[in-house]
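Work through the exercises below with the sequence and the model open. Each task is followed by a solution in steps.

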Amino acid sequence: KKWKQLSRLQRSIILFLFAFLAVCGVISFTSMGEPWKSLTNKSLDEQRTEPEIPGLKLVNPAVLPAPQKADANAGDYPELSPQKQPKLPHIRRSPSNLQIKPPRRDVRLKTRHATSKIVEELVQADKEEKTEKSVISWRGAVIEPDQSTEPPSSKIKESEKPSSLEAEGQKEPVPINERQMAVIEAFRHAWKGYKDFAWGHDELKPLSKSYSEWFGLGLTLIDALDTMWILGLKEEFEEARIWVANDLVFDKNVDVNLFESTIRILGGLLSTYHLSGDSLFLEKAKDIGNRLMPAFKTPSKIPYSDVNIGRGTAHPPRWTSDSTVAEVTSIQLEFRELSRLTGDEKFQKAVDEVMKHVHTLSGKNDGLVPMFINTNSGQFTHLGVYTLGARADSYYEYLLKQWIQGGKKENELLEDYMRAIEGVKKHLLQRSQPKKLTFVGELAHGHFSAKMDHLVCFLPGTLALGAHNGLTADHMKLAEALIETCYQMYEQVETGLSPEIVHFNLHAQKGHKDVEIKPADRHNLLRPETVESLFYMYRFTGDKKYQDWGWEILQNFNKYTRVPTGGYTSINNVQNPSNPEPRDKMESFFLGETLKYMFLLFSDDVDLINLDKFVFNTEAHPLPIWVPA
């Protein structure tokens, strides 16, 4: 009775003292009889994890642990005013520049009687109950990739390895911080709009509270699956999984773009399979992968741009027999991984043939490639135009990432990547005025243009990733210069949001900034490339300014693109804060990429998608590296 009259804190302190005495050998808990056993058993019951997702039967154990369900008190967030910073739920605050690290634990408590661990958890639970009920403690785990780049047999063996926590010596999870909570709130707000007005459709039109279709395959939902897993949004993930199981059907008479459906659908399903271990997603990935294969039935083996996934036919666009170089060379990560998982070599063989063919082609300029390639002849077309923007960008990204994915063994890929970066330095790099920002322009028949797409802002992150994997330190220096430029593409604009395209001033002019924006280019599509590179830069340098820059961008998304009834919208005019002219469209990559990279940028946990274990596809879907670095 006296025990029940005590407060929880008092009981926790008493239990801690008993634990301390036990560790010191003064007393033995086994001598205390049933009252102690009942207390410890009750505590264990209270700390059991939530039940598994209904209907989710794992063929393989999950690569990452299941996300913890967010606290009920954190489920509903106050609406953000368009002109105010987001209001966050009460959580433990810390200085913004303080690196969050796992708390140290007493080594003695690790090795002593298991009951002392229970006491420690009781005390910690009591503290957390009083101070931070809305803090979610969840962390990604390190995967153990296969030791060979050879495709495994089609039957995937179950792992018998201990859980990630056991394998890492009971490492404490890193608590989610304020900025990450703001990302979770933004995702939930965007998801609310999608769920209310566009459920199961491709894209949300948040202003008209409707939807638009591209392929009719639930693009936003599939793109967002692994984001929900990483953010720990278990309820949302469960709902989306049920839709995938019951309503995602690929046997339909519809033309899809090979590149877009590969990076968004195939990539999203493969990534979600690896994170969750749920075979449902692998089965769906195999289905769509097989249905995309007719694209490779061309005279040159360079795939067509479009596939009818119901009829099993493929064709180029109506106006040309060309495909874009970026599209045919940025599907390799996904198809190679599908071969590795299924044991069916046809997927990897098809995409590897494309890369080997492009490797041998003439028409390059110091490693830089033209934007188009003909599916009949297999030759580059529209020669003499070189850009790292649209139609060529991810060719360079996937050269490096395939090399990393395959265990750094495919030297042709590395050679092409290194040669291309030298070509960028030689032909496309210039400095603006007045701030002398380093930027990547374009070359057209020998004439330099100071035009830079926002898409090019993938490059700093890619350069940093290469430097992290042992390439020249000069690549990191260039990455640091370019990410500053990409940030200035936001900072020098009235809304603090970058336009789709900028032109840089090469000569100092009074009253002019480095960045000039043409009327046709001043829209913002909620793109992820700058945030993506900020994530890589922070992960590899630890420089807090990259987190601060990302935080500014998130605040401006909330200020100028957030729709009160749910969702975010692209805008037409980043130069008009009073009327940014919303376009009434939320691209699927806002949930699949932009908010995911934001969340990872604000994390201080290097094991939350460990970049020595995973490589991101160009739609931000993490896939495992086959051989450890």
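**Exercise 1. Overall make-up**

Task: State how many helices and strands the protein has, and what share of its residues is buried.

Solution: The model is a predicted one. The protein contains 21 helices and 18 strands. Of its 629 residues, 57% are buried. Among contacts with a separation of 6 or more, 72% come from residues 24 or more positions apart.

**Exercise 2. An annotated threonine**

Task: Locate Thr618, decide whether Thr618 is buried or exposed, and find the polar partner of its side chain.

Solution: 
1. An unreviewed UniProt entry carries the annotation "binding site" for Thr618.
2. Thr618 sits in the loop that runs between strand S17 (614–616) and strand S18 (622–624).
3. The relative accessibility of Thr618 is 17%. Buried means under 20%, so Thr618 counts as buried.
4. Beyond four places in sequence, the contacts of Thr618 are Phe259, Ile263, Ser394, Glu397, Tyr398 and Glu593.
5. One of these, Glu397, makes a side-chain to side-chain polar contact with Thr618 at 2.9 Å.

**Exercise 3. A helix pair**

Task: Describe how helix H10 and helix H11 pack, giving the angle and the axis distance.

Solution: 
1. H10 spans residues 258–276 and H11 spans residues 279–292.
2. The two helices pack at about 155°, and their axes are 8 Å apart.
3. Angles over 145 degrees count as roughly antiparallel, so H10 is roughly antiparallel to H11.
4. The crossing of H10 and H11 is left-handed.
5. On the H10 side, residues making the contact include Leu258, Ile265, Leu266, Leu269 and Tyr273. On the H11 side they include Phe281, Leu282, Ala285, Ile288 and Leu292.

**Exercise 4. A strand residue**

Task: Is Val515 buried or exposed, and which residues does Val515 contact?

Solution: 
1. Val515 is part of strand S16 (residues 515–516).
2. Val515 counts as buried, at 9% relative accessibility.
3. Outside four places in sequence, Val515 contacts Gln488, Met489, Gln492, Val502, His503 and Phe504.
4. Thr485 is 30 residues from Val515 along the chain, and their C-alpha atoms are 9.6 Å apart.

**Exercise 5. Backbone exceptions**

Task: Find where a cis peptide bond occurs, and give the phi values of Lys209 and Glu581.

Solution: 
1. Most residues other than glycine have a negative phi, and most peptide bonds are trans.
2. Gln433 and Pro434 are joined by a cis peptide bond, with omega about 10°. Pro434 lies in the loop between strand S10 (429–431) and strand S11 (438–440).
3. Lys209, which is not a glycine, has a positive phi near 55°. Lys209 is placed in the loop between strand S1 (203–205) and strand S2 (210–212), and is partly exposed at 44% relative accessibility.
4. Glu581 has a positive phi of about 60°. Glu581 lies in the loop between helix H20 (544–560) and helix H21 (588–601), and at 30% relative accessibility counts as partly exposed.

Terms used:
Residues numbered from 1 in each chain as written. Predicted model: local features only at pLDDT ≥ 70, side-chain atom pairs only at ≥ 80, totals over all residues. Heavy atoms only, no water. UniProt positions renumbered as here; feature names shortened; annotations may be inferred. Helix = DSSP H or I, 4+ residues; strand = E, 2+ residues; numbered from the N terminus. Buried < 20%, exposed > 50% of the residue type's maximum accessible area, 1.4 Å probe, protein only. Contact = heavy atoms within 4.5 Å. Polar contact = N/O pair within 3.5 Å; in protein donor to acceptor, adjacent residues only side chain to side chain. Axes fitted to C-alpha atoms, helices over the stretch in contact; angles between N-to-C directions. Parallel < 35°, antiparallel > 145°, perpendicular 65-115°, else oblique. Left-handed = near helix turned anticlockwise from the far one by under 90°.
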